[in-house]
Amino acid sequence: MKRVYVVVALLAVVGVALALSGVFAGADEEPAVGDVADDRLIAVDGDYRLWPYTSRSRSVTGRTLAINVVFHADAATTRAAIEGRSDADWEETEPGEAATRTESEDVEEFVARDWRDARSSLRYSYVEGPDGGAWLTETFELHDGAYLGVRDHLRAYESPDGSYTAIQAHEEYYDWFRLRHTVPDIDAPALRLESEFVGSDRATDVRREYRGIDGGRSDGWLSVIELAAAAALAGALLGRRTRETAVDLARRLRTDVGRHATAATLGLALGAVLVGVRVAGVTLEAALPGASPKAIAAPLYLVLAVGLPALVVWRAPGTDPEAAALAVVVGLGGGFLADFAALGVAVPPDLIVHRVALLAALGVVAIGRAAADRLVAAGGVAAWAVGLALPLLDVI
């Protein structure tokens with residue numbers, strides 16, 4: 001295949017993948033609705049019916065994720081019960097994206113289940129009672145995991161009469177190319193929370209009720225937990241959480257010993273940088289408990305945004321153009337796979353095609369540098385810049 005055809009094909013992949021990533025991102029958007037309709041409210045307990053969603057604003061048009069767990073208890077009792085597990089250590093998450101506090105814990109042979117204070121974007125929910133409706137802000141938030149890695153995140157909303165506490169539980173991971181959290185799942189974290197109370201003396205009943213909740217990634221079911229009276233006395237203790245994180249980071253390119261050695265080094269370096277940024281982010285977050293995660297993320301993002309193409313520009317000259325492009329795709333692609341595998345999250349479709357676009361863009365840079373074609377290399381750099389800009393502009 002002629003080199004020009006390879007370049008054209010890769011640039012076409014960039015354009016199609018970026019376009020598809022925008023399409024997939026839009027596919028998950030909730031339809032806009034008007035005022036909270038009476039038939040959208042569900043009875044839980046007490047005098048206040050619940051709109052079973054969260055919203056970015058005091059409006060249903062900002063609807064995001066569905067409520068998926070309800071405790072029949074006030075917020076203080078609910079929080080004490082969650083923190084009172086003998087092998088968990090939940091801590092509060094406060095509104096507003098800012099600092100995350102973490103501390104080191106002995107984990108022995110397990111990964112610690114470590115629930116700690118953090119901060120997140122403000123979300124609202126809605127209730128309606130005898131005196132009309134009211135928008136609620138989070139009564140408390142808890143998270144388990146690293147801000148710059150993967151974590152379970154709970155937002156809790158106490159009904160005005162204190163008869164129940166509604167919780168939105170979701171899993172989220174920090175995406176380095178979007179510079180914000182991405183939510184791959186809400187069902188598994190709800191079940192993980194529910195399972196903590198099954199067979200526990202902190203709950204008298206744990207059940208699932210089908211409420212027909214439509215949208216917000218809900219499967220229609222609500223986990224309902226009836227707390228025992230002694231649950232309010234539970235304290236937050238050190239915990240364990242087993243998470244499958246086995247990752248094969250030893251993918252090696254089988255290359256000719258001679259002319260493809262530099263290309264192989266390039267591929268391995270790209271994958272190592274990507275995985276290294278994730279490891280560095282989580283490590284620094286744990287080592288600097290008072291620091292803002294975003295202050296840690298900013299310089300690390302520059303390592304990715306500038307460092308990855310700089311590596312290609314530096315190492316690609318003198319290599320076979322096709323081998324250089326293959327090294328980029330295999331090395332950086334392997335890094336993407338290793339990163340997601342280590343996090344243990346399902347990859348949203350729009351992010352898959354976005355990563356393909358980034359791979360193709362750097363592949364074009366590699367071909368241009370290896371062939372000493374400045375125009376082709378510049379086209380690849382431009383495609384890389386567009387691929388980085390779209391998520392930052394919230395297009396993807």
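**Figure 1. Buried residues of helix α3 in the predicted model.** Helix α3 covers residues 187–195. Pro189, Ala190, Leu193 and Glu194 are its buried residues. Their directions, seen down the axis of α3, fall within an arc of 140 degrees, so these residues line one face of the helix. An α-helix has 3.6 residues a turn, so residues three or four places apart point the same way.

**Figure 2. Length and buried face of helix α8.** Helix α8 runs through residues 374–392. Its 19 residues, at 1.5 Å a residue, should span 27 Å, and this agrees with the 27 Å between its end C-alpha atoms. The buried residues of α8 are Val376, Ala377, Gly380, Ala383, Trp384, Gly387, Leu388, Leu390 and Pro391. They fall within an arc of 160 degrees when α8 is seen down its axis, so they line one face of the helix. Arg374 and Leu375, on the other side of α8, are exposed.

**Figure 3. The two ends of helix α8.** Just after α8, Asp394 has a positive phi of about 65 degrees.

**Figure 4. Aromatic pairs of Phe177.** A search of the whole structure gives 10 aromatic pairs. Phe177 and Phe336 form an edge-to-face pair, with 5.8 Å from centre to centre and 70 degrees between the planes. This pair links distant parts of the chain: Phe177 is in the loop between β13 (165–175) and β14 (180–185), whereas Phe336 is in helix α6 (residues 321–343), 159 residues apart. Both Phe177 and Phe336 are buried. Phe177 also pairs edge-to-face with Trp384, at 6.3 Å centre to centre and 90 degrees between the planes. Because Trp384 lies in helix α8 and Phe177 in the loop between β13 and β14, the pair ties together parts 207 residues apart in sequence. Trp384 is buried, as is Phe177.

Figure 5. Trp51, Tyr53, Tyr126 and Trp135 are linked into a cluster by ring pairs. Arg63 lies over the face of Tyr53, at 4.6 Å from the ring centre.

**Figure 6. Arg202 over the ring of Phe197.** Arg202 is placed over the face of Phe197, and its distance from the ring centre is 4.3 Å.

Definitions and conventions:
Residues are numbered from 1 along each chain as its sequence is written. This is a predicted model: local features need pLDDT of at least 70, side-chain atom pairs count only at pLDDT 80 or more; totals for chains, interfaces and linings use all residues. Side-chain values use heavy atoms; hydrogens and water are left out. Rings of Phe, Tyr and Trp (its six-membered ring) pair if their centres lie within 6.5 Å; planes under 30 degrees apart count as stacked, over 60 as edge-to-face and the rest as tilted. Helices (H or I, at least four residues) and strands (E, at least two) are DSSP runs, numbered from the N terminus. Buried means under 20% relative accessible area, exposed over 50%, partly exposed in between (1.4 Å probe, protein chains only). A charge sits over a ring if NZ of Lys or CZ of Arg is within 6 Å of the ring centre and within 35 degrees of the ring normal. The arc is that of the directions from the helix axis to the C-beta atoms. The expected span of a helix is 1.5 Å times one less than its number of residues.
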